[in-house]
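Here is a short briefing to read with the model open beside you. Take it topic by topic, and look up each element as you go.

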Amino acid sequence: MNIAICVSHVPDTATKVKIGPDGKSIDHAGVTFIINPYDEFAVEEALKTKDKFGGEVTVISIGGPVIKETIMKALAMGADKGILLKDESVKDSFGIAKTLAEELKSKNYDIIFFGKQSVDYDDAITGQLTAELLGYNCISVVVDLKIENNKIIAEREIEGGREVVETELPAVITAQKGLNEPRYASLKGIMSAKKKIIEEKPALQTENLSDIIRMDKPPGKQPGRILGTDSSTVIELVKLLHEEVKII
Amino acid sequence: MNKIIGILEQREGKLKKVSFEVLSLVSQLASELNLESEALTIGNEILNIDEISKYGISNVTHYKNENLQLYSSSAYTEIITNHVNETNAGYLIFPNTALGKDLAPRISVRLNAGCIIDCIKVDTSTGDIKAVRPVFAGKALIEVKLKSDIKILTIRPNVFKLVISDKTTKLNITVKNILSPNLKTRTVEVKKSDEKLDVAEADIIVSGGRGLKGPENFYLIENLAEALGGAVGASRAVVDAGWRPHSDQVGQTGKTVSPSLYVACGISGAIQHLAGMSSSKYIVAINKDKDAPIFSIADYGIAGDIFEILPALTKEVLKFKT
């Protein structure tokens with residue numbers, strides 16, 4: 001099976017966000033970058049799919065040379081080769097999807113995995129956009145995946161439960177936490193990743209459909225007050241829930 | 001392009017509350033931008049379709065087929081795309097739900113329309129739409145505008161107010177039967193979880209963290225949630241430990257929520273958790289450690305033992321309600 005994974009390079013979730021000097025993006029000074037946490041589930045599922053059906057797993061990302069760290073992480077977990085679409089411009093999800101689709105369309109991938117969202121801009125639409133651009137079927141926010149012959153049966157998370165969805169290959173799957181337990185890269189994996197090839201090529205130039213006007217910190221919440229330390233305080237709390245919060 | 005359409009989500013034949021939030025916003029934007037307003041829904045029978053008129057919308061198109069009761073991304077995408085092309089609409093508003101987030105980007109490709117996901121504020125003061133949305137799980141907000149001819153927004157549940165229109169509107173429902181929907185990708189079954197309310201949609205959330213010491217003590221959280229009529233949430237630590245399902249997780253790798261009331265119990269308040277819930281209207285924190293970061297954003301705190309406070313609080317809430 002010809003398998004692709006699209007990964008993104010994001011600030012560590014422990015990052016304290018500071019707004020950058022342009023007022024439209026975050027200040028990267030001192031920020032540690034990691035592979036997008038949801039992409040680890042995508043990588044694991046791609047590797048499991050290869051274990052079952054054979055084939056090759058290609059990792060693709062877009063950005064500057066630093067992105068190679070994130071591609072290397074997926075290679076160390078077991079992916080076979082990498083492609084870096086070199087681009088230093090700021091793309092919206094639409095621009096990213098168009099760039100990815102341009103690369104993916106000629107390679108006849110059977111299945112393409114994404115994380116369900118990047119934990120930076122939280123758009124959660126790049127997988128669906130790319131699928132639609134490629135004319136592929138797509139199931140997003142997947143927590144369980146079965147592939148038999150050409151058929152896919154997946155469970156996707158919805159409010160208050162799961163939808164069991166059927167479709168056929170070729171397809172795009174976006175991975176949600178719970179789909180699997182991502183493997184750790186072994187020392188052997190890390191060593192062999194160094195010998196794997198990351199092909200670099202210029203990314204497609206795209207035009208964004210959206211513009212960020214500005215970025216702000218959310219209005220800070222003032223700390224309130226500690227009502228007390230023992231169970232007698234609940235009487236005052238319930239009174240507040242009634243009079244101030246107006247919830248009961 | 002002088003038309004705005006609200007896409008309404010139904011589950012089990014009932015339009016969801018967030019669909020009425022969509023309608024309230026559609027009405028408001030239609031009057032601010034001088035647009036015609038319309039609603040669109042897809043399903044079989046829609047039991048509460050008459051409620052649409054309460055929100056000042058009179059024209060509704062209902063695309064109907066028994067196989068469209070459950071979500072099918074391929075069929076829904078085709079139906080909405082064709083509808084927009086026929087009606088020449090310029091603006092589409094979706095709920096930012098599992099369905100809306102899956103569907104809006106597909107339609108945006110078909111129509112070459114830009115899309116702003118998870119909006120919490122929409123502004124028309126410049127004569128066009130600008131929207132604010134959280135990024136980095138709420139650690140920052142961005143204001144975004146779209147450059148495309150057709151513009152798509154998805155709105156976060158529980159943020160936009162329901163606005164009942166003061167004029168009475170006569171509802172004009174057009175039912176269009178879809179004879180052979182494109183079911184290439186289709187839902188064959190919905191498995192409901194045991195929990196009645198999902199954290200992503202709840203107006204009240206009671207969340208538990210490691211302070212509960214074990215999954216067997218989560219009944220304390222469930223009891224308080226039930227007394228308040230809210231949903232049960234959880235911190236990442238307890239989800240990773242396997243005490244609660246991932247669907248309960250609030251925070252950066254879980255759900256970002258903005259309920260009216262968030263009660264954090266035995267949660268110290270890691271930055272990833274705070275990002276996911278700090279936009280709640282009111283926050284109550286109950287934690288033994290008075291220096292826990294959660295108290296820095298809580299409106300009301302009790303720095304005490306949750307095993308003592310939670311049963312007392314549940315009892316007091318129930319007593320107050322009777």
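Predicted model: local features only at pLDDT ≥ 70, side-chain atom pairs only at ≥ 80, totals over all residues.

Residues are numbered from 1 along each chain as its sequence is written, while chains are lettered from A and ligands numbered from 1 in the order in which they are written.

**Chain A overall**
- Chain A holds six helices and 13 strands; helices (H or I, at least four residues) and strands (E, at least two) are DSSP runs, numbered from the N terminus.
- Of the 248 residues in chain A, 48% are buried, that is, 20 or more other C-beta atoms, placed from the backbone, lie within 10 Å of the residue's own.
- Contacts are pairs of residues whose C-beta atoms, placed from the backbone, lie within 7 Å; among those in chain A between residues at least 6 apart in sequence, 71% join residues at least 24 apart.

**Where the chains meet**
- On the chain B side, 77 residues are in contact with 67 residues of chain A.
- Helix α7 (residues 306–321) of chain B gives the most to that side, with eight residues.
- Strand β9 (residues 161–168) of chain A pairs with strand β13 (residues 186–192) of chain B in the antiparallel sense, over six bridges; pairing calls for at least two DSSP bridges between the strands.
- Within this pairing, A:Val164 has B:Glu189 as its bridge partner.

**Helix α2 of chain B**
- The 15 residues of this helix (residues 73–87) should span 21 Å at 1.5 Å a residue, and the end C-alpha atoms are 21 Å apart, so the two agree; the expected span is 1.5 Å times one less than the number of residues.
- Its buried residues include B:Tyr76, B:Ile79, B:Ile80 and B:Val84.
- The buried residues of α2(B) pack against β7 (137–148) of chain A and against several elements of chain B, among them β1 (3–8) and α3 (98–110).
- Just after α2(B), B:Asn88 has a positive phi of about 60 degrees.

**Strand β17 of chain B**
- Five of the five residues of β17(B) (residues 282–286) are buried.
- B:Tyr282, B:Val284 and B:Ile286 point one way, and B:Ile283 and B:Ala285 point the other way.
- β17(B) runs parallel to strand β16 (residues 261–265) of chain B, with five bridges, and B:Ala264 stands opposite B:Ala285.
- Three bridges join β17(B) to the parallel strand β18 (residues 300–302) of chain B, where B:Tyr300 stands opposite B:Val284.

Technical notes: Buried ≥ 20, exposed ≤ 12 C-beta atoms within 10 Å, placed from the backbone. Contact = placed C-beta atoms within 7 Å.
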